[in-house]
Amino acid sequence: MPKLEFPKGFLWGAATSSYQVEGGLHNEWTEWEKTTAVKRAKEAREESWHDSWRGYGKKERNPEFAEEASDPNNYLSGIACDHWNRYEEDFDILEELHLNTYRFSIEWSRIEPEEGRFDDEAIGHYKKMIASLRRRGVEPFVTLWHFWLPVWVAKKGGVASKKFPERFARYAERMAAAFGSDVKFYVTINEPDMYASFSYLLGFWPPEKRSLRLHYVVTKRIEQAHKLAYLKMKGIAPDTEIGITKQFMSFQVLRRTPISLLTRRFADWWWNYSLLDRLMGYQDYIGFNYYQKKIIGKDTRDQTSIVRTDIDWEYDPESIYDALIALKRYDMPIYITENGIADAFDRLRGRFITETLTSIHQAIKEGTDVRGYIHWSLLDNFELDKGFWPRFGLVQMEYATQKRTIRESARIYGKIAETNTLDG
Ligand code: BGC
């Protein structure tokens, strides 16, 4: 196969988020951890912890991670990767891997620990991080809100509160003013769909609500919050590129019956497009997070032959192509803002990256305007409700010593980034 070249100026990156890597935080989730760690470890011991998607995939436990997952400490974020203090070391790694963008998130609870009180020191710290990235020729891709809230926001009704859009937009505007022309790319809100579903419909994440009504309200508030923030930020920094990151799923049918086709159409509209459609006119690009496809109806494939990652998601570097092609309808630039796998022993990641990029390249060749690929994640990190055991990093973390080791797969990725080319 010939070499596959990516468009000139393509962004190659890796992503993290504050709570998952920074350490030393006090927010809604760090409070939640304290009251749920023991319970979650116990559930892991007793139940099919391996299958935290409840009902997705096989049921038996994966013995490789049982011990870690049964330990309450696994569910306490603590100092995590201590990225707050060690960011220079981590940025050295970005450079070593020839990456030219870094997606990270600003921790709202550090910036505005109490309503209306903005912390200049915390703002200064993020400014230093941004300056360091710029010096290294790495484009900062800045997320303003990635799932967790300052405690005061949560206490005042969280995202369901009527005041949420205003609160969020005030913070977002402040950030745009502080960073000025040093930041070009902003993600206002990470994966609104995941947040609304996991926090307000399925009750897996704080504030653990299970309500169709609240799910609707929260989705509405997020939409309002993004739009307001977009307008305010553009007022201050008109040259910035602002969007949300959306989690896309490719819905597939095994048998083309009228019912399965109709269900697919509905699922596509509900999960992939409805919010995006409503945000049109308030987005400068599509932030595309992609992890997996969903088969509609009874999955009749031979399950034993399906390769699975450590958290039981199907190894699937191909369906991203369908999800990208479907986005041609919007005629907008697309940045792949997350994509990756949990693979502690780096058995699959190298292959996953090259195969996924082959699919992406094909979508570009067929006219999809993809302008960047940002891998999740730069470092192994605190994987939300599952804690530390799932390992998504290009870089392996030894948490006790904070030692970082660049994985083989990261070298493969680094080579692609360096040459802007994939060996076919
Ligand atoms: C989230 C990340 C998370 C990743 C892997 C995404 O939905 O934005 O925070 O770590 O998925 O589960």
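Modeller: Contact here means heavy atoms within 4.5 Å. The model under discussion is a predicted one.

Biologist: Which residues does His 375 touch, leaving out those up to four places away in sequence?

Modeller: His 375, which is placed in strand β9 (residues 370–376), touches Gly 13, Ala 14, Ala 15, Asn 339, Gly 340, Arg 349, Ile 353, Phe 392, Leu 394 and Tyr 413.

Biologist: Why is His 375 called buried?

Modeller: The term applies under 20% relative accessible area. His 375 has 0% relative accessibility, and therefore counts as buried.

Biologist: What makes the pairing of His 375 with Tyr 373 a polar contact?

Modeller: A polar contact requires a pair of N or O atoms within 3.5 Å, one able to donate a hydrogen and the other to accept it. The side chains of His 375 and Tyr 373 are joined at 3.0 Å, and this is a polar contact.

Biologist: Why does Arg 136 count as buried?

Modeller: Arg 136 lies in the loop between α6 (120–135) and β4 (139–145). Its relative accessibility is 17%, and the limit is under 20%, so Arg 136 counts as buried.

Biologist: Which side chain makes a polar contact with the side chain of Arg 136?

Modeller: That partner is Glu 95, at 2.7 Å. Beyond four places in sequence, Arg 136 is in contact with Glu 88, Phe 91, Asp 92 and Glu 95.

Biologist: Why is Asp 316 described as buried?

Modeller: Asp 316 belongs to the loop between β7 (286–296) and α12 (320–326). Its relative accessible area is 7%, against a limit of under 20%, and so Asp 316 is buried. Apart from neighbours within four places in sequence, Asp 316 is in contact with Tyr 290, Lys 293 and Phe 352. The side chain of Asp 316 also has a polar contact of 2.4 Å with that of Ser 319.

Biologist: Why are helices α8 and α10 called roughly parallel?

Modeller: Helix α8 (residues 164–179) and helix α10 (residues 212–236) pack at about 30°, and their axes are 8 Å apart. Angles under 35 degrees count as roughly parallel, so α8 is roughly parallel to α10. The crossing of these two helices is right-handed.

Biologist: Which residues make the contact between α8 and α10?

Modeller: Among them are Phe 164, Phe 168 and Ala 172 of α8, and Arg 221, Leu 228 and Ile 236 of α10. The residues of this contact divide into 12 nonpolar, 1 polar and 4 charged.

Key
Residues are numbered from 1 along each chain as its sequence is written. This is a predicted model: local features need pLDDT of at least 70, side-chain atom pairs count only at pLDDT 80 or more; totals for chains, interfaces and linings use all residues. Side-chain values use heavy atoms; hydrogens and water are left out. Helices (H or I, at least four residues) and strands (E, at least two) are DSSP runs, numbered from the N terminus. Buried means under 20% relative accessible area, exposed over 50%, partly exposed in between (1.4 Å probe, protein chains only). Axes are lines fitted to C-alpha atoms, for helices over the stretch in contact, and angles run from 0 to 180 degrees between N-to-C directions. Angles under 35 degrees count as roughly parallel, over 145 as roughly antiparallel, 65 to 115 as roughly perpendicular and the rest as oblique. A crossing is left-handed if the near helix is turned anticlockwise from the far one by less than a right angle, and right-handed if clockwise. Ala, Val, Leu, Ile, Met, Phe, Trp, Tyr, Cys and Pro count as nonpolar, Asp, Glu, Lys and Arg as charged, and the others, Gly among them, as polar.
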